[in-house]
Amino acid sequence: MPAALTKWVCKKQVWAEKIINIRFNPNGDPKIQWELANGEMISVSPDLLCRGTTTPTGGYYVLYENGYESWSPADVFEAGYVKMEDK
């Protein structure tokens, strides 16, 4: 890691679900449909595909408290987050 950067540990809460399939809209709609492991479909911007070098399938759709959407490769996400029990 670059020596000039300060090391941080994450302690925020996010909402996330594993991405199991991607559907591109053939009708010219720029949004992309992600099928999530919980059975839901979510529309995301194609910009999310540009944030990584691999396909998001198998990774996680991540929604932050402020509404920011992202995706994370499974190994990175699972190394940094622990699933919370619903209360």
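Reader: Which residue forms a salt bridge with Lys18?

Author: The model is predicted: local features need pLDDT of at least 70, side-chain atom pairs count only at pLDDT 80 or more, and totals for chains, interfaces and linings use all residues. Residues are numbered from 1 along each chain as its sequence is written, and side-chain values use heavy atoms, leaving out hydrogens and water. A salt bridge is a side-chain nitrogen of Lys or Arg within 4 Å of a carboxyl oxygen of Asp or Glu. The closest N and O atoms are 3.7 Å apart, and the partner of Lys18 is Glu78.

Reader: How many residues apart are Lys18 and Glu78?

Author: Helices (H or I, at least four residues) and strands (E, at least two) are DSSP runs, numbered from the N terminus. Lys18 belongs to strand E1 and Glu78 to helix H1, so the pair links distant parts of the chain. The separation is 60 residues.

Reader: Is Lys18 buried, partly exposed or exposed?

Author: Buried means under 20% relative accessible area, exposed over 50%, and partly exposed in between (1.4 Å probe, protein chains only). Glu78 has 44% and is partly exposed. Lys18 has 29% relative accessibility, so Lys18 is partly exposed.

Reader: Which residue meets Arg23 in a salt bridge?

Author: Arg23 is itself partly exposed, with a relative accessible area of 41%. The N to O distance in the bridge is 3.4 Å, and the partner is Glu35. The bridge ties strand E1 to strand E2, parts twelve residues apart in sequence, because Arg23 lies in E1 and its partner in E2 is Glu35.

Reader: Which strands stand at the edges of the sheet?

Author: Two strands pair if DSSP finds at least two bridges between them. Five strands form an open, antiparallel sheet in the order E3-E2-E1-E4-E5. Each edge strand has a single partner strand, so one side is left without a neighbour in the sheet; these strands are E3 (41–44) and E5 (69–72).

Reader: How many bridges join strand E1 to strand E2?

Author: E1 covers residues 15–24 and E2 residues 32–36, and the two run antiparallel. Asn21 stands opposite Glu35 in E2. The number of bridges joining E1 to E2 is five.

Reader: How many charged residues are in the lining of the second largest pocket?

Author: Ala, Val, Leu, Ile, Met, Phe, Trp, Tyr, Cys and Pro count as nonpolar, Asp, Glu, Lys and Arg as charged, and the others, Gly among them, as polar. The lining includes Cys10, Lys12 and Trp71. Seven of the lining residues are nonpolar and three polar, and the charged count is one.

Key:
On a 1 Å grid over the protein atoms alone, a cavity is a set of points where a 1.4 Å probe fits but cannot get out, and a pocket is an open set with protein on both sides within 12 Å along at least five of seven lines; lining residues have an atom within 4 Å of a point.
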